Amino acid sequence: RAVAMSVSHSSRLNKLVREQYMRLPQDGKVQVTYVWIDGSGEGVRCKSRTLDKEPKSIEDVPEWNFDGSSTAQAEGSNSDMFLVPVCMFRDPFCLDPNKLVLCEVLKYNRKPAETNLRHTCKKVMDLVKDSHPWFGMEQEYTLLGINGHPYGWPDNGFPGPQGPYYCGVGADKVYGRDIVESHYKACLYAGVKICGTNAEVMPSQWEFQVGPCEGIEMGDHLWMARFILHRVCEDFGVVATLDPKPMTGNWNGAGCHTNYSTEEMRREGGLK
């Protein structure tokens with residue numbers, strides 16, 4: 001049954017062989033993977049480089065660049081774009097001392113790219129920092145086979161009606177828990193403020209929660225949690241989609257819910 005599942009070819013490569021190389025010493029060098037949001041505003045991209053020593057803060061990570069014409073962010077005639085590091089995490093895939101670094105994207109003229117919504121968000125968060133805004137994000141997603149069909153669903157037809165799947169337990173109730181638990185552990189290792197997870201209403205649909213995060217940290221940790229999810233799914237050979245309605249019909253949709261409060265709201269009687 002597992003062999004018949006629609007998974008990517010690369011996920012079937014011998015991972016024990018990979019481990020042989022992952023255990024090799026790095027001779028004091030550090031791998032840093034730069035992560036950014038592409039021109040779709042939804043997808044994430046990454047590229048890696050070597051630093052001579054472990055960065056202790058985000059200021060120790062140098063700016064870099066990439067070809068924006070290949071990510072729908074620039075014209076081919078003038079395609080260099082800047083990666084400006086803004087938030088650093090431990091790397092759960094290559095392990096310490098290696099790092100994942102979330103970046104803002106600037107155009108050739110140092111102005112924010114159209115998809116760099118962090119730039120304006122940070123300005124707002126700086127204006128209201130005395131209110132100490134807290135965010136808790138609940139990110140739903142659906143696991144798909146490489147064929148685009150929900151993972152674990154029958155090849156022809158549908159699973160039973162919704163009801164037993166939400167927070168479910170059992171092989172006939174939930175699909176892909178290995179991925180969910182691996183993502184959870186990877187986020188904890190990385191330093192992402194993940195605070196929970198559960199199976200959702202539609203089979204193969206899951207949710208993780210990030211927070212509470214204050215200010216701009218909210219977006220940084222949510223986006224890195226998304227990157228880690230896609231990267232974990234790559235190892236397992238399946239796809240995580242954030243599509244709000246991946247299956248038409250009477251199936252639960254998926255979203256990202258936001259819980260929000262200020263310091264004033266959190267005080268006794270504050271909500272009133």
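Contact here means heavy atoms within 4.5 Å.

## Basis of the report

This is a predicted model, in which local features need pLDDT of at least 70 and side-chain atom pairs count only at pLDDT 80 or more, while totals for chains, interfaces and linings use all residues. Residues are numbered from 1 along each chain as its sequence is written, and side-chain values use heavy atoms, with hydrogens and water left out.

## Surroundings of Y141

Leaving aside residues up to four places away in sequence, Y141 touches V180, S204, Q205, W206, E207, F208, L229, A240, T241 and L242.

## Aromatic pairs

Rings of Phe, Tyr and Trp (its six-membered ring) pair if their centres lie within 6.5 Å; planes under 30 degrees apart count as stacked, over 60 as edge-to-face and the rest as tilted. By this rule there are seven aromatic pairs. The pair of Y141 and F208 is tilted, because the ring centres are 6.0 Å apart and the planes stand at 50 degrees. Y141 belongs to strand β6 (residues 134-144) and F208 to strand β8 (residues 205-214), so this pair ties together parts that are 67 residues apart in sequence. Strands (E, at least two residues) and helices (H or I, at least four) are DSSP runs, numbered from the N terminus. Both Y141 and F208 are buried, where buried means under 20% relative accessible area, exposed over 50% and partly exposed in between (1.4 Å probe, protein chains only).

F158 and W251 form a stacked pair, with 6.2 Å from centre to centre and 25 degrees between the planes. F158 lies in the loop between β6 and α3 (177-190), and W251 in the loop between β9 (239-241) and β10 (256-261), 93 residues apart. F158 is exposed, at 54% relative accessible area, whereas W251 counts as buried at 12%. Ring pairs also join W153 with F158 and W251 in a cluster.

## Nonpolar cores

A nonpolar core is a set of buried Ala, Val, Leu, Ile, Met, Phe, Trp, Tyr and Cys residues joined through side-chain atoms within 4.5 Å. The largest one has 46 residues, and those with the most contacts inside it are Y141, L143, V192, F208, M224 and I228. Elements giving two or more residues to this core include β1 (30-37), β4 (80-90), β6, β8 and α4 (217-236). Its largest share, ten residues, comes from α4. Domain 1 (9-128) and domain 2 (130-266) both contribute, so this core lies between them; the domain bounds come from an automatic or database domain assignment.

A second, separate core has 15 residues, among them V30, V32, L51 and W64.
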